[in-house]
Amino acid sequence: MSQYVIAIDQGTTSSRAIIFDRSGTIISVGQKEHEQIMPQAGWVEHNATEIWGNVQEVIGIALGRADLTRHDIAAIGITNQRETTVVWNRKTGKPVYNAIVWQDTRTQDIVDRLAADGGTDRFKEIVGLPLATYFSGTKVAWILENVDGARAAAEAGDLIFGTTDAWVLWNLTGGADGGVHVTDVTNASRTMFMDLKTLQWRDDILEAFGVPRSMLPEIKSSSEVYGVAEDSSLLRETPISGILGDQQAATFGQAAFTAGESKNTYGTGCFLIFNTGEDIVHSKNGLLTTVGYKLGDGPAHYALEGSIAVTGSLIQWLRDQLGIISSAPEVEELADSVPDNGGVYIVPAFSGLFAPYWRPDARGAILGLTRYANKGHIARAALEAVAYQTRDVLDAVNADAGVDLTELKVDGGMVANNALMQFQADVLGVPVVRPVVAETTALGAAYAAGLAVGFWSGLDDLSANWQEDRRWEPSMDDAERQRLLRNWRKAVEKSSNWVDEDVN
C-alpha cells in the first residue's frame, strides 16, 4: 500500500517536490531555482520550458533522497504561483513567449484601456478582482497583441493558455500527446475570466479582453483525479488529484477550513487569506474576493485576500542587486546588529503597491536616510516593511469581516526569521503562531490530492495533523506601535504618484 503523497510546488523563484507521510510530516524535498528574467523595468518573465525541466528533476531528487519509487506514492498534488501566464502551442508543446510573471507591470496600458469603460471595478462584482496588471487576463491579452503570429494561431485554435499549474499538469499527463488541459477553481479565480458564482468562464469578459475561449483550460475542483502521469515520468500511472493556487494551498495546509479562519504566507510576496465559507464577500477595503477551495462535488468555499507583491523578494534584492548580504538568512543577523530602524523606512513598491492600496503609480523608496544610517538599518527596515504591509492588510480584513482577528497563523520561508515574527506580533498587537510544518503550501496540495484518492478520510484527519511550533506574543507598547505605523504610512504616501508618462 502506498504510504506517501508528493506535492509539486511550482513557485516564483523555484520548483520543489515534497513528499509527505500520512501525518503530514515531510519525508524528503527536491528543489531547484529557475532564472528570473527582467528584460526592462517592470517586466518579469520565466522560461516555462526551464520550469518544466526543473519539475521533472526535483521529482527525481525527492524520490531519490527518500529511496522511494512511484509504487510508494498514492497521489500527486500541484500548487503554483497563481497568476503567472503561459501561452503555448497545443501541437508542439512549445511556449510562444516566456511566462509573464504575476509581478510584471507591462500591461498597465491594457488595464487603462479596459478601465476606460466602467473603471477598475468594471468586472469586480462578477470576478472578485479589480482590473490590475497582477492578474492573468491582461497578460494573455498582451501576448496575443504583441507576439508575432500569436493572434492568428490562437484564433485557429492552435494556442492554449494556463497558469503554471495547467502547464505542469499538461506536460505531466503527456503534453502534445494527449496532455490534460485543466485548471482548478482557485487558479481560475485569479484570471479575471471566471464568474465566482457559476465557477465558469464568462464569454462577455473574454470578448472584452480579446481572448478566444478555445485557449482556456477546463475548470475542475481542487480535489479530484484529473489524469495520471505519463509513461515516461518517474511517477508514471500515479494519479494527479489535487490542484490549489499557492496561497489557497497554504490556507488548506494550515487547516483553516471554516469561515473566520485565516493565515498569512511569507514568500516572494505576502498573502493573507481570510476564509468566508460558502459566502462571497465583496471587500470595501481593498481586498480581493477569491475561491478558497472546492472539494470534488462539494460547494465552493470563498475567501478575502490581501495580496502584497514584495516581501521575500525584497530580501533577494538586498542580496542580488545591492550585495548587502550574501545569503537570505544573513538579513536577520544584520538587522539585529542595530537596536531599531534608525528612522529608515523602505516601501518596496517595485511593482506598484498591491492590497489594500492598489497604487500602480507607486515605486520603491527608501526614506528617512541620514548619515547615521548603515546597512544594519537598511536590513531592519526591509524586515519591518514586511510586517507593516501585513498590518495594513490585516486592518482591511478586520474592517471587512467586522470582527478583529485574535491571532495570526503564519507560514512560508520567512517565518524562520524570529526577529521578523516578533516584530510582526508587536506591530499587529496580536499573537503570531507558527505550525510545526511551515511548508504549508506544498502540504495543502498534498492534502487535496490525498483526499481525492482516500489517502486521508476527511478534513478532520487533516485538522488533527496541525500542531503549533512556536508563538510570539506582542511586547511593544501601543504608543510606540502607533508612532511606527504613522511614519510607515507617511512613507507609503511619499512613494505614490511617482509613475507618469516619463517614468515607468
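Helices (H or I, at least four residues) and strands (E, at least two) are here DSSP runs, numbered from the N terminus. The model is a predicted one, in which local features need pLDDT of at least 70 and side-chain atom pairs count only at pLDDT 80 or more, while totals for chains, interfaces and linings use all residues. Residues are numbered from 1 along each chain as its sequence is written, and side-chain values use heavy atoms, with hydrogens and water left out. The buried residues of H6 are Thr164, Asp165, Ala166, Trp167, Val168, Leu169, Trp170, Asn171 and Leu172.

In the protein as a whole, 16 helices and 21 strands are present. Of its 504 residues, 61% count as buried. The C-alpha trace spans about 60 × 50 × 45 Å along the principal axes. The radius of gyration, taken over C-alpha atoms, is compared with a globule rule of 2.2 Å times the number of residues to the power 0.38. For 504 residues a compact globule would have a value near 23 Å, and the 22 Å of the protein agrees with this. With contact taken as heavy atoms within 4.5 Å, 72% of the contacts between residues at least 6 apart in sequence join residues at least 24 apart.

Other backbone features occur in loops. Met192 has a phi near 80 degrees, a positive value in a residue other than glycine. This residue lies in the loop between H7 and H8 and is buried, with a relative accessible area of 1%. The loop between strand E17 (345–347) and strand E18 (365–367) contains Pro356, and the peptide bond from Ala355 to Pro356 is cis, with omega near -5 degrees. Trp358 is found in the loop between E17 and E18 as well; its phi, near 50 degrees, is positive in a residue other than glycine.

The structure holds 30 salt bridges, each defined as a side-chain nitrogen of Lys or Arg within 4 Å of a carboxyl oxygen of Asp or Glu. One of them joins the side chains of Arg190 and Glu83, at 2.8 Å from N to O. Arg190 lies in the loop between helix H7 (185–188) and helix H8 (203–209), and Glu83 in the loop between strand E5 (73–80) and strand E6 (85–89), so the pair ties together parts that are 107 residues apart in sequence. Both Arg190 and Glu83 are buried. These two residues belong to a network of salt bridges that also includes Arg82, Asp246 and Glu305.

A salt bridge is also formed by Asp469 and Arg434, whose closest N and O atoms are 3.0 Å apart. It links distant parts of the chain, with Asp469 in strand E21 (residues 468–472) and Arg434 in strand E20 (residues 432–435), 35 residues apart. Asp469 is partly exposed at 43% relative accessible area, whereas Arg434 is buried at 13%. In the pair of Glu480 and Arg483, the closest N and O atoms are 2.9 Å apart. Glu480 and Arg483 both lie in helix H16 (residues 478–495), 3 residues apart, about one turn of the helix. Both are partly exposed, Glu480 at 27% and Arg483 at 34%.

Helix H16 also packs against helix H13 (residues 418–428), the axes coming within 9 Å and crossing at roughly 95 degrees. Axes are lines fitted to C-alpha atoms, for helices over the stretch in contact, and angles run from 0 to 180 degrees between N-to-C directions. H13 is thus roughly perpendicular to H16 (65 to 115 degrees; under 35 counts as roughly parallel, over 145 as roughly antiparallel and the rest as oblique). Phe423, Asp426, Val427 and Leu428 of H13 meet Arg481, Leu484 and Leu485 of H16. By class, this contact has 5 nonpolar, no polar and 2 charged residues, where Ala, Val, Leu, Ile, Met, Phe, Trp, Tyr, Cys and Pro count as nonpolar, Asp, Glu, Lys and Arg as charged, and the others, Gly among them, as polar.

How values were computed: Buried < 20%, exposed > 50% of the residue type's maximum accessible area, 1.4 Å probe, protein only.
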